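Trainee: I would like to go through this structure by its labels. Please set each value against its rule.

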Amino acid sequence: MIGSPRSTACPVAVRDDAPPGATTVPAMIRAQAERTPDAVAVESAGDRLTYAQLLAEAAGLAEHLRGAGVRPGDLVAVAVPRGLDLVPTLLGVQFAGAAYVPLDPEHPADRLDYIVEHSRARVLVTADAAGCRGLRVDTRVAVNDVAVRSGATPATAPDPDSAAYVIYTSGSTGRPKGVMVTHRALANFVVSIRERPGLPEGAVLPAVTTVSFDIAALELFVPLTAGGRVVVAGPSETADPRRLASLLAAGGARTMQATPVTWRLLLEAGWSPPRGFTVLCGGERLPVALADRLLGDDVVLWDLYGPTETTVWSSTTRYERGVPTTFAPVRATTLHVLDERLLPVAPGAEGELYIGGAGVAVGYLGRADLTAARFVADPFGTTGTRMYRTGDVACRHADGRIEILGREDFQIKIRGFRIEPGEVEHLLTGHPGVAEAVVRAFGDNEDTAGLVAYVRPVDPAEPPAAGQLRQHLARFAPAYMIPARFVVLDRFPRTPNGKTDRAALPDPAGPVGDAGRPFADRRQGSTTELLIAGILAEVLQQPTIGVHEDFFALGGDSLRAVQIVLRLNEELATEIPINALFETRTVYGLAALLDAEGGPTARPVPLADGHRRRLSAAQWRLWLHQRSAPHSTVDNGAAVVRLRGPVDLAGLESAVTDLLRRHPLLRTRYEQDGSELPVPVTIPAAPVRLTARDGDPRTVLARELARPFDLAAAPPVRIRLVHQVSDDSFVLLMVLHRIAADDGSCELIARQVRASYRGRTVPAPVIGYDDYAEWRRTFSAGPAAGRHLDFWREALAGLDSAELPTDRPRPDTRDWRCGTVRFAVPPRTVRALDAFAAERGASGSTALLAAFSATLARHSHGTDLAVGVPVAGRDRPELENLVGMLEETAVVRVDLGGRPGFADVLARVGEAWRAAVDHAVVPFEDIVGAVAETVGTASAPTRNPLFDAFFTVQEPPSDPGGLLLPDASGTRFDLCCRLAERPDGGIDGRFEYAAQLFDEATVTRLTADFVQLLTEVAGGSAA
């Protein structure tokens, strides 16, 4: 809708043509696939599906779902992230006769749990076994575990009058409500959009909208009914307008649908629509100024309007400068401006806008009362038809134009998102310190628009801090529903009848104090940090910003991130990329990027042919260890891929061959030159031949993990294919040395093999590991690294780490033998622990590390603790698909003296961990060397430098097989806490310990204390 905030003019029109025949969108797409089976249907991140492959994958999922008990009319929850799997998953659910309930994996777990529980969806579909950990459902289906038969097509199409999807929108009563839309309504919409605005045959359309927003249906389905191609933008592309602009250019797209904020971001990033481009804009009011900026030469701009309850869009308006808009409802749709008696208002009078016709939804799932209130009988239609009350106040002029004047309720649209203030208010009053809350919009224009929450505290003397309220909301509400500002009032203004007088609430303009959130860094910030913090505080309208505070946790979003980066580039005369704030997230990270050699750190790029190959610092450490302890297995890891049913041996061999070809590091051995220094030698790629042998996969894996690698004699990978007779499954086992693959790489290898086996195109890494190693070496030798080493000198000064009492004296030599004590933490305990941490601005992982640290303090001599933690080292897009040793090591030092409560321990550990991760960008060896003179902890060949205890939390593996990894045969630490998240939300834990130092009984007691502490925190008795 184009116009001022409260004045939108559009001439009335009615399209009441007959609805389409008994067809559905899945049936339309199947028919198109029969016409053009080899044409590309879906593309994402360099991978593609033809129409035939799309249909085969949808058919495979539909068959799998029916086998899992899904019946026509059922609802199936779908939590598949943006990517190639999304479209075949949605179609597969519909071909099974069910309706999909889309879940945004980025939304809080409590909100997703509510949607699943309310919708009564018994089945959850995820991309892999790691998806939506902890969500409570009866059955999980991982898309990557579904058998796909080449050339298969779905046998039947869904009933046109059955539900196609249920979309949950913000609810005024405090909980989201589900809108149920039928296949007939969706098909009517798709046919209409192909007519007007129109989509040519074979069109390329980027999909940039989250699937939990109903307008995504246009992007994901309409092109596929016209032989077109859907280009699913990844998270990094939707977050960064420059990357989105590159996607538009590379994919040849001539049409795109987006909200006004996305179009504004593209323009701010320097993009402009090329000749012949069609702009589809909807989701909120389209400002005239933005429309004029978008209208370049031969550019067509369509303004789209409609609520979720009437199937995506209900009207389309072409905008042309100086030309009256030609407004039209979508196919088989009627518009009326009516009074309270459902009679047309007189010309010039105000009324409510009602929408009728084929697009009207079934209603709100499980909410008969609300459905009856909003979906009413259509007195202008045939018997049994209904209209939807939009809540928009409108005026019908004498010339037939309809002018939308505003809302009759408090519903808000911000950056395309529909928000019911009542839902946010309900969540706020769930905080124990809030007695009453009111939420409304503020801001003079779209750039500054946001939510403000007015709060009346239970105790006016101790109101909850803004940070606490923000953290409380983050447990239940998506980011766009969290207010940017909080205003504390002792009392609310009232109307004569006792209701809150929203119009009398004070203006939130100007700084709002927040005594509950001090400046996060104890030291004086650098000049660059102070400048960045000032700009962030101004844009976010916060009084102060700490250098390690997360920009997005403070209410930041993509629009504000672009504004900040553009201001920094202008004020500092530099050119940092738009996505810099997405990657660094903090003032400190941005400052480090800007201060590095006077500007942004150079990105890794491929080296010229013939360059000298050298090991990375981490590879040097691993090579030296293997050379000094050739029988050690402490650096062995594994990638596991389970394959259900009959195995396609040729296809699996091809997948593994492609993997080794794509990653030369997996074909590299390390000879010694005349100076006994390592020389990488890469073996030419050759076809892999596999032989399946009967056996127990876990036993075979344990045996292979216990075998050391000779890095000079052969590449650091061993491959075994095991046939498990008990369930007729096959398990591909790949044992790898960490010199070639860290934990993240092992998971990447498993995903890539499985994707290749399913016929997917796996993109090659942008750079090779040699390029990465040279890039890291250059950075470590430059002045930027000195900034980080200075931090470590200060952070670890005088470290005299507390030691666990050992059962035996520490010997002069170490034999690396490892013992293991296993334990489990149930999902309910993990959920309560996550909630405890979230209320205090911390993550569940931080709470687990805090519990581990507190347990160590209870058993150690001393309170100065140092714990090693891994840092993935994949903070750049160039490294996403790279296999190698990228992982860095950070040291989390915390003093737990003074007998602090657990909440205090959590705060201390959280602050130390965030800072340590920010500075874990230099090799661990450089950190050790930089602090050697100031650290009091003894260094010896039998001890790990700087710390004796290690802590790591691993996400659930993407492989759905659930193979329990065997106990480690060796360890380089005195004690290592390894926690593995389970798909059900629980945790499988292992305490690995140096067997030459500790007895099993000692570590068993330590384990019991750790689990007991977690239970006490979850139960509220250890705060």
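Mentor: Start with the salt bridge: a side-chain nitrogen of Lys or Arg within 4 Å of a carboxyl oxygen of Asp or Glu. By this rule the count is 66 salt bridges. This is a predicted model, where local features need pLDDT of at least 70, side-chain atom pairs count only at pLDDT 80 or more, and totals for chains, interfaces and linings use all residues. Residues are numbered from 1 along each chain as its sequence is written, and side-chain values use heavy atoms, with hydrogens and water left out.

Trainee: What makes Arg-475 and Glu-839 a salt bridge?

Mentor: Their side chains meet at 3.0 Å, N to O. The limit is 4 Å, so the pair qualifies.

Trainee: Which parts does that pair tie together?

Mentor: Arg-475 lies in the loop between α13 (466-474) and β28 (485-488), and Glu-839 in the loop between α24 (827-838) and α25, so the pair links parts that are 364 residues apart in sequence. Helices (H or I, at least four residues) and strands (E, at least two) are DSSP runs, numbered from the N terminus.

Trainee: Why is Arg-475 called partly exposed?

Mentor: Its relative accessibility is 21%. Buried means under 20% relative accessible area, exposed over 50%, and partly exposed in between (1.4 Å probe, protein chains only). So Arg-475 counts as partly exposed.

Trainee: Take Asp-743 and Arg-738: buried or partly exposed?

Mentor: Asp-743 has a relative accessible area of 31%, so it is partly exposed. Arg-738 has 15%, so it is buried. Their side chains form a salt bridge at 3.3 Å, N to O.

Trainee: Which residues are linked in a network of salt bridges?

Mentor: Glu-803, Arg-810, Arg-814, Arg-943, Asp-948 and Asp-974.

Trainee: Why are α23 and α27 called oblique?

Mentor: The axes of α23 (residues 783-795) and α27 (residues 924-931) cross at roughly 55° and come within 9 Å. Axes are lines fitted to C-alpha atoms, for helices over the stretch in contact, and angles run from 0 to 180 degrees between N-to-C directions. Angles under 35 degrees count as roughly parallel, over 145 as roughly antiparallel, 65 to 115 as roughly perpendicular, and the rest as oblique. α23 and α27 are therefore oblique to each other.

Trainee: Which residues meet there?

Mentor: Leu-789, Trp-792 and Arg-793 in α23 meet Asp-926, Ile-927, Ala-930 and Val-931 in α27. Contact means heavy atoms within 4.5 Å.

Trainee: Which residues touch the most other members of the largest nonpolar core?

Mentor: Trp-792, Phe-852 and Phe-951, out of 74 residues. Helix α25 (residues 844-859) gives the largest share, nine residues. A nonpolar core is a set of buried Ala, Val, Leu, Ile, Met, Phe, Trp, Tyr and Cys residues joined through side-chain atoms within 4.5 Å. Another core, of 73 residues, lies apart from it and includes Ala-58, Val-123, Val-179 and Val-360.

Trainee: How do you know that Asp-771 is buried?

Mentor: Asp-771 sits in helix α22 (residues 769-780). Its relative accessibility is 8%, so it counts as buried. Leaving aside neighbours within four places in sequence, Asp-771 contacts Val-605, Pro-606 and Leu-607.

Trainee: What do the buried residues of α4 pack against?

Mentor: They pack against β5 (75-79), β6 (99-102), β9 (163-169) and α12 (421-428). Among those buried in α4 (residues 109-119) are Leu-112, Tyr-114 and Ile-115. Arg-120 follows α4, with a positive phi near 60°.
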